[in-house]
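Hello,

Here is the structure I promised to pass on. Please open it next to this email, and then read my notes below.

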Amino acid sequence: MNITIVGTGYVGLVTGTTLAELGNSVYCVDIDEKKVEGMKNGVVPIYEPNLEEMFNRNIQAERLFFTTDLKKALDKSEVIYLALPTPPGEDGSADLSYVLGVANDIGEMMTDYKVIVNKSTVPVGTADKVREVISSKTNIPFDVVSNPEFLREGFAVEDSMNPARVVVGSSSERAKDIMSKIYQPFTNTGIPIIFMDEKSSELTKYASNSFLAVKITFMNEIANYCAKVGADVDKVRLGMGSDDRIGHRFLFPGIGYGGSCFPKDVKALIKSGKQENFNFQILEATENVNVSQKVILVSEIEKYFGGDLKGKKIAIWGLAFKANTDDIREASSLDNIELLLKKGAEIIAYDLVAENNVQKIIGDQIQYAKNMYDALEEADALFIATEWPEFKNPNFKLMAEKMRNKAIFDGRNMYPLEVPKQNGFYYKSIGRQTVQN
């Protein structure tokens with residue numbers, strides 16, 4: 001099948017590459033000429049494990065194409081996926097200007113039947129708005145479908161090629177038949193495709209992400225209570241997760257959630273609720289707790305240094321909001337850097353994958369190290385903000401030699417408590433006993 005993907009951000013690029021891998025001819029459209037030219041030459045504009053290999057394989061197989069010409073791609077395709085940004089506005093609501101703008105263009109350009117697929121995360125009722133915009137521009141028949149993505153950054157290729165389910169919102173039998181054919185390679189292997197109405201499909205995405213944000217935040221609250229009463233959150237997590245009604249995933253405490261999805265989707269669902277005179281009280285509490293959770297270790301660092309951080313050199317390992325991505329949107333590292341700088345600390349950070357993105361935002365307000373141990377040179381403390389695999393088994397002897405003071409503040413609970421203890425480090429993590437040096 002011939003398919004157009006409008007937007008080559010994280011969702012669009014992964015979706016387009018996956019659909020090409022499934023045997024379709026895919027035309028990816030973006031307005032950024034430099035980006036399009038780079039992709040034509042095999043340059044993947046985002047960091048995502050295993051994506052580059054699949055990306056280049058499908059370019060070479062002549063199934064994956066890139067263009068700035070929407071009309072050209074539209075004329076070749078029966079199905080048009082909209083994978084456009086829906087950034088939060090000042091009030092938290094999703095900005096639909098990109099989605100509706102392209103819908104307007106499609107309405108003006110289309111010459112035969114199309115299925116318009118909303119892949120972007122959008123509020124309930126967006127399919128109706130897209131339908132209205134296109135209908136105002138053409139009398140040619142078309143259908144609008146909601147088909148939310150459920151990709152985890154860092155595991156997007158795995159998730160896209162082996163999804164837990166495919167959700168499709170459509171009231172058109174013709175569109176359902178076409179979507180069934182697109183996803184037949186999945187259903188052939190037992191992956192379910194769940195059909196529903198458009199509004200339920202749109203809400204499924206928001207509800208899923210918001211529930212996971214609540215689960216993470218609940219576990220962070222439990223971790224903070226563990227620290228108060230002397231319980232061990234790792235043991236509590238294991239006991240809870242062994243109940244198959246709860247499960248082990250998303251029970252790892254830390255310094256809050258970030259990224260492009262959870263913060264934005266929680267805000268958007270809260271705002272959507274208010275527009276219907278409905279208060280998502282649990283989501284409002286989740287958002288408030290997450291804000292404070294992100295910087296919960298700064299007060300512990302202050303306490304350790306007697307309330308004064310002026311001139312203290314803090315090494316930070318990790319800048320991305322999570323491992324295996326270069327995404328720094330809503331990253332806890334940025335909140336901590338801002339607060340530590342405000343309190344007079346000096347910061348040297350290490351994260352080769354996300355470093356360039358951070359430099360674009362905060363420039364030379366901090367220093368950047370080229371390896372994890374260089375960041376520790378004469379450091380008064382180490383702050384771990386991202387759970388990159390290379391941090392899991394460090395050389396503690398070398399760390400001790402480089403650091404001015406053997407203190408670790410771990411926002412991701414990377415080490416069993418006995419490890420820093422055996423190596424003579426002060427070690428403060430989330431929801432566990434403090435190790436004194």
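Which residues does Thr126 touch, not counting residues up to four places away in sequence? Thr126 touches Leu96, Asn118 and Glu202. Contact here means heavy atoms within 4.5 Å.

Before the rest, the ground rules. This is a predicted model, in which local features need pLDDT of at least 70, side-chain atom pairs count only at pLDDT 80 or more, and totals for chains, interfaces and linings use all residues. Residues are numbered from 1 along each chain as its sequence is written, and side-chain values use heavy atoms, with hydrogens and water left out.

Back to Thr126. It lies in helix 6 (residues 126-135). Helices are DSSP runs of H or I, at least four residues; strands are runs of E, at least two; both are numbered from the N terminus. Thr126 is buried, with a relative accessible area of 1%. Buried means under 20%, exposed over 50% and partly exposed in between (1.4 Å probe, protein chains only). The Thr126 side chain reaches the backbone oxygen of Pro123 at 2.7 Å.

Next, helix 15 (residues 332-342). Its buried residues are Ser332, Ser333, Asn336, Ile337 and Leu340. They sit on the same side of helix 15, because they cover an arc of only 130° around the axis. That arc is taken from the directions from the helix axis to the C-beta atoms. Glu338 and Lys342 are exposed on the other side. The cover over the buried residues includes helix 13 (281-294) and strand 10 (346-350). Gly344 follows helix 15, with a positive phi near 95°.

Best wishes

Key:
Polar contact = N/O pair within 3.5 Å; in protein donor to acceptor, adjacent residues only side chain to side chain.
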